[in-house]
Amino acid sequence: MCGRYTHTGDPVRSARQLKAENQIQNWRPRYNIAPTQSAPVVLLEGGRVLRSLLWGLRHNQAFSASGLLINARSESVATKPRFKNLLLQQRCLVPADGFFEWQWSGRRRSPVRFTLRDGPLFYMAGLWDWQAEPGAAAPVRAFVILTTEANDLVARVHDRMPVIVPEERCAEWLEDAPVKGWDSFWRPFPAERMDAYLAHAVVNSPTTDAPECIQSLGPLPEVNPAGEQTEFGF
DNA sequence: CCAGACGTTGTT
DNA sequence: GTCTGG
DNA sequence: CCAGACGTTGTT
DNA sequence: GTCTGG
């Protein structure tokens, strides 16, 4: 998962918080960032910089021309040929203030927006790579977002969620060798420090990028209206 | 060395 | 193409 | 992730 | 159904 997210705040603030040099000239609030679009990412380039990168890596072009990788499973990222070197060399942080998962309600999917109680801004773990783009003179950077097992809150909607790097570990993720091992980064962000609400269906369209995408339509229903049963439900 | 695999999600 | 497995 | 398209030949 | 585009 994590196929959409928001970054409605000033990216300059994201950069300032991480002491990154801001390289983004023009920005606007983003209420619905979708794969293939550009979004701000913090990476190392000498020092830390905030740059606009494309969301989605093509997997090995010689092997297959099609297919966009927007996520990478944290559990396997250290061994996958496409990602293992990026994990060692090209980690990045993806600033966000919310992400969407889609919940089945009868026959329709409803978007659910997840936010952090700590404060609006958070950072998702990402990997970046150079990528040739049709029509571009030189390769450009593109990124994927790492995913992990869902915590108890997100699990009400979906079984995966983005890897969220706590602010106090951002430096470690970006610059250091894995001091405590990679696995410690993959732990799902605590459910009790997150909120969730039903969002408007305008989010469904990847080209809609308007404030109503983050309007709350109310709390998550306790039970999936589709009547989801637990595996052992009686 | 060669052979064979090579990605993610979800499948409401 | 490039990496892993045998 | 969801939305939306989804074909070929030959054509003045 | 399956693929592409955003």
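Which residue in β5 is the bridge partner of N22? In this predicted model, that partner is L50.

- Of the 234 residues in chain A, 47% count as buried.
- Among contacts with a separation of 6 or more, 66% are between residues 24 or more positions apart.

**Pairings of strand β5**
- Strand β2 (residues 21-22) runs parallel to strand β5 (residues 47-55), and two bridges join them.
- Strand β4 (residues 38-45) is antiparallel to β5, with eight bridges between the two.
- L50 in β5 is the bridge partner of V42 and is also the bridge partner of N22.
- A hairpin is formed by β4 and β5, with one residue between the strands; G46, in the turn, has a positive phi of about 80°.
- β5 also runs parallel to β13, to which two bridges join it.
- L54 stands opposite A142 of β13.
- In a regular strand, side chains alternate between the two faces of the sheet.

**Salt bridges**
- The whole structure contains 12 salt bridges.
- R51 and E45 form a salt bridge through their side chains, with an N to O distance of 2.7 Å. R51 has a relative accessible area of 23% and is therefore partly exposed; E45, at 33% relative accessibility, is likewise classed as partly exposed.
- The side chains of R58 and E133 meet in a salt bridge at 3.3 Å, N to O. This pair links distant parts of the chain, 75 residues apart: R58 lies in strand β6 (residues 57-58), whereas E133 lies in the loop between β12 (122-131) and β13 (140-149). R58 counts as buried because its relative accessibility is 17%, under the 20% limit for that class.
- A salt bridge also joins R169 to E172, whose closest N and O atoms are 2.9 Å apart. R169 is buried, with a relative accessible area of 10%, and E172 is buried as well, with a value of 11%.
- R28, R30 and D209 are joined into one network by salt bridges that share partners.

Notes:
Residues numbered from 1 in each chain as written. Chains lettered and ligands numbered in written order. Predicted model: local features only at pLDDT ≥ 70, side-chain atom pairs only at ≥ 80, totals over all residues. Heavy atoms only, no water. Buried < 20%, exposed > 50% of the residue type's maximum accessible area, 1.4 Å probe, protein only. Contact = heavy atoms within 4.5 Å. Salt bridge = Lys/Arg side-chain N within 4 Å of Asp/Glu carboxyl O. Helix = DSSP H or I, 4+ residues; strand = E, 2+ residues; numbered from the N terminus. Pairing = 2+ DSSP bridges.
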